[in-house]
Amino acid sequence: MKAIQITHSQELNIIEMEKPLAPGYGEVLLRLRYVGFCGSDINTFMGRNGMALNPVIPGHEVGATIEAVGDGVPEELQAGMVVTVNPYTNCGNCASCRNHRENA
């Protein structure tokens, strides 16, 4: 499968990657249909995102279809469903989380 990869500041390439294996416990395999590039992706491309370590694949805002479901996934998530993704993790304790800015 193909992916866009930012390799250095203001440099990107189209690369070939292996398709992910079947999903593990608590995971789903998604077929991406749409990808949005946001400000953080642009900043990464421009070399202004100190949190991004190149090489990186941009595009964390996606529309996808569930292709396969692993064990331990809630049963309402089924193959063929159209989904979007919340790509953020949060600690629940830092200043951003306490101010309801879990994406930060």
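Trainee: Of the contacts in the protein chain with a separation of 6 or more, what share comes from residues 24 or more positions apart?
Mentor: In this predicted model, residues 24 or more positions apart account for 53% of those contacts.

Trainee: OK, and how many helices and strands does the protein chain have?
Mentor: The protein chain has 2 helices and 5 strands, and if you follow the elements from the N terminus on, they run β-β-β-α-β-β-α. Along the principal axes, the C-alpha atoms fill a box of roughly 40 × 40 × 20 Å.

Trainee: What part of the chain counts as buried?
Mentor: Of the 104 residues, 21% count as buried. The chain exposes about 7,700 Å², and carbon and sulfur atoms supply 54% of that area.

Trainee: Switching to pockets, how much space lies in the largest pocket?
Mentor: The largest pocket holds about 1,200 Å³ of space. It is lined by 36 residues, and those closest to its centre are Ile57, Pro58, Gly59, His60 and Val62.

Trainee: Which elements give two or more residues to that lining?
Mentor: They are strand S1 (2-8), strand S3 (28-36), helix H1 (39-46) and strand S4 (61-69), and of these S3 gives the most, with 7 residues.

Trainee: And what does the lining of the largest pocket look like by class?
Mentor: Sorted by class, it has 22 nonpolar residues, together with 7 polar and 7 charged ones.

Trainee: New topic, the cysteines: how many disulfides does the count come to?
Mentor: The count comes to 0 disulfides. Cys38 is in none, and the nearest cysteine sulfur to its own, that of Cys97, is 18 Å away.

Trainee: Are Cys38 and Cys97 buried or exposed?
Mentor: The cut-off for buried is under 20% relative accessible area, so Cys97 counts as buried at 9%, and Cys38 is buried as well, with a relative accessible area of 17%.

Trainee: Where along the chain is Cys97, and which residues does it touch?
Mentor: Cys97 sits in helix H2, which covers residues 95-98. Leaving out residues up to four places away in sequence, Cys97 touches Asn90, Cys91, Gly92 and Glu102. Leu12 is 85 residues from Cys97 along the chain, and the C-alpha atoms of the two are separated by 33 Å.

Trainee: What about the backbone, which peptide bond is cis?
Mentor: The peptide bond from Asn54 to Pro55 is cis, with omega near 5 degrees, and Pro55 lies in the loop between H1 and S4.

Trainee: Which residues have a positive phi although they are not glycine?
Mentor: Gln10 is one of them, with a phi of about 60 degrees, and Gln10 lies in the loop between S1 and strand S2 (11-16). His100 also has a positive phi of about 60 degrees, and His100 is in the segment after H2.

Trainee: Last one, is His100 buried or exposed?
Mentor: Exposed means over 50% relative accessible area, and His100 has 66%, so it counts as exposed.

Terms used: Residues numbered from 1 in each chain as written. Predicted model: local features only at pLDDT ≥ 70, side-chain atom pairs only at ≥ 80, totals over all residues. Heavy atoms only, no water. Helix = DSSP H or I, 4+ residues; strand = E, 2+ residues; numbered from the N terminus. Buried < 20%, exposed > 50% of the residue type's maximum accessible area, 1.4 Å probe, protein only. Contact = heavy atoms within 4.5 Å. 1 Å grid on protein atoms, 1.4 Å probe; cavity = no way out; pocket = protein on both sides within 12 Å on 5 of 7 lines; lining within 4 Å. Points joined across faces, edges and corners; volume = space filled by probe spheres on them. Nonpolar A, V, L, I, M, F, W, Y, C, P; charged D, E, K, R; others polar. Areas by Shrake-Rupley, 256 points an atom, 1.4 Å probe, with all protein chains shown as cover. Disulfide = S-S within 2.5 Å.
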